[in-house]
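Here is a short tour for anyone who likes to read a fold from the inside out. Please keep the viewer open as you go.

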Amino acid sequence: MDKVAVVILNWNGVGMMEKYLSKVVRLSEEASVVVADNASTDRSVSYLQANHPKVRVIKLDRNWGFAEGYNRALRLVNAEYYVLLNSDVDVTPHWLAPLVRFMDQHPDAAACQPKLLAVANHHAFEYAGGAGGFVDALGYPFCRGRIFDTVEDDRGQYDTTKEVMWATGACMMVRASDFHQCGGFDPRFFAHNEEIDLCWRLRTRGRKVYCVTESHVYHVGGGTLPKGNPRKTYLNFRNNLTMLYKILPSNQLRKVMWWRWLLDYVAAYQTLLRGNVGDFKAIYKARHDFRKWRHSFDDERRKIQQQRVSPEAGRLAPFAILWQYYVRRHVHFDQLPPIGE
């Protein structure tokens, strides 16, 4: 069994692999490198065979999406730690060692991430994960270094290893035993919010998630579905609502879902007033499809609630990020009220 396996899920991403894979291989000597290909129709597989014969290639029979693609690939990878790495991540020297060392020294940690900075601006956090993610009282995700569309410059203000609520799927180290015992990613999500859902489920079991800022990498972001794409909007809204339905304790579910019904439709009409018909339709469709399929998650919801180790396990941040951001004008993470863990 390998100590660490760096697993890159690829779909028609040969351009990104040409830019970044050689560096991943060179700077990950302590790990095996695996590319799981989601039935790409470009020259991804032939590129790997010609240029990286030592990289193991797992060929999946169709595009299973991010969630189920990783689930299927990781069943075939035997390692103590998986690093789920996007193909558009530019790694740095010694990026892996701090993550491995932290996980070795903290057996209560199920997952961790490095500090995620932007390829386009090495002095700024990257939208998808910043210095670790959190979820507010109504289910909205945000990060150290990024709240909604406000992305901070990295001035070292978050250079502390910290327990967080979720680790970014762009670069996440996860203990293989935790990943499989928790059931992996929810395959019905296809993509978006699946890493938040996984980390939240792990936390309800008493496991912990961290950002280890001694390590940092650079992320392009938006490579598969760029920001503003209606499909991405649809998946984010549908999957976020589904995650809340599955994991929220019963004494919180009704209240949170009422607020989200109101706020989601406010968001929909705001996009329409800005002339964005695609996102307006996407939000409506997301809410419609969530209503249609939510009861198919009832068994999983019961299981999650039964496995919760305490009423406090996996709790959310004790404030509404919309209020903090738009009313109190707290646009940076370090302006927010404390988040206890």
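Where is the place of Asn193? Asn193 sits in the loop between H5 and H6, where helices are DSSP runs of H or I with at least four residues, strands are runs of E with at least two, and both are numbered from the N terminus. Although Asn193 is not a glycine, its phi is positive, at about 75 degrees. Asn193 is buried, with a relative accessible area of 7% (buried means under 20% relative accessible area, exposed over 50%, and partly exposed in between, with a 1.4 Å probe and protein chains only).

Phe190 lies in the loop between H5 and H6. Phe190 is not a glycine either, yet it has a positive phi of about 65 degrees. Phe190 is partly exposed, at 31% relative accessible area.

A word on the ground rules: this is a predicted model, in which local features need pLDDT of at least 70 and side-chain atom pairs count only at pLDDT 80 or more, while totals for chains, interfaces and linings use all residues. Residues are numbered from 1 along each chain as its sequence is written, and side-chain values use heavy atoms, with hydrogens and water left out.

## Salt bridges

A search of the whole structure finds 23 salt bridges, each defined as a side-chain nitrogen of Lys or Arg within 4 Å of a carboxyl oxygen of Asp or Glu. Back at the loop between H5 and H6, Asp186 pairs with Lys246 of helix H7, and their closest N and O atoms are 2.8 Å apart. The partners are 60 residues apart in the chain. Lys246 is buried at 0% relative accessibility, and Asp186 is buried at 3%. A network of salt bridges links Asp186, Arg188, Asp197, Arg201, Lys246 and Glu300.

Lys115 in strand E6 bridges to Asp154, with 2.9 Å from N to O. Asp154 belongs to the loop between strand E10 (150–151) and strand E11 (162–164). Both ends are buried: Lys115 at 6% and Asp154 at 18%. Lys3 and Glu80 form a salt bridge at 3.2 Å, N to O. Here, Lys3 is partly exposed at 36% relative accessibility, and Glu80 is partly exposed at 27%.

## Nonpolar cores

The largest nonpolar core holds 81 residues, a core being a set of buried Ala, Val, Leu, Ile, Met, Phe, Trp, Tyr and Cys residues joined through side-chain atoms within 4.5 Å. Helix H7 (residues 230–247) gives the largest share of this core, eight residues. Among the residues with the most contacts inside the core are Phe142 and Ile339. Beyond its neighbours within four places in sequence, Ile339 is in contact (heavy atoms within 4.5 Å) with residues including Phe134, Phe142 and Phe333. A second, separate core of 34 residues includes Val4, Val24, Leu85 and Leu116.

Helix H4 (residues 96–105) has Leu96, Pro98, Leu99, Val100, Phe102 and Met103 as its buried residues. They pack against strands E1, E4, E6, E12 and E13.

Trp258, Trp259, Trp261, Leu262 and Val266 make a nonpolar surface patch of about 490 Å². Patches are made of residues with over 30% relative accessible area and no salt bridge, joining like charges within 9 Å and nonpolar side chains (Val, Leu, Ile, Met, Phe, Trp, Tyr) within 5 Å; accessible areas come from the Shrake-Rupley method with a 1.4 Å probe, and for residues only the protein chains shown count as cover. Trp261 is found in helix H8 (residues 250–273) and is partly exposed, at 43%.
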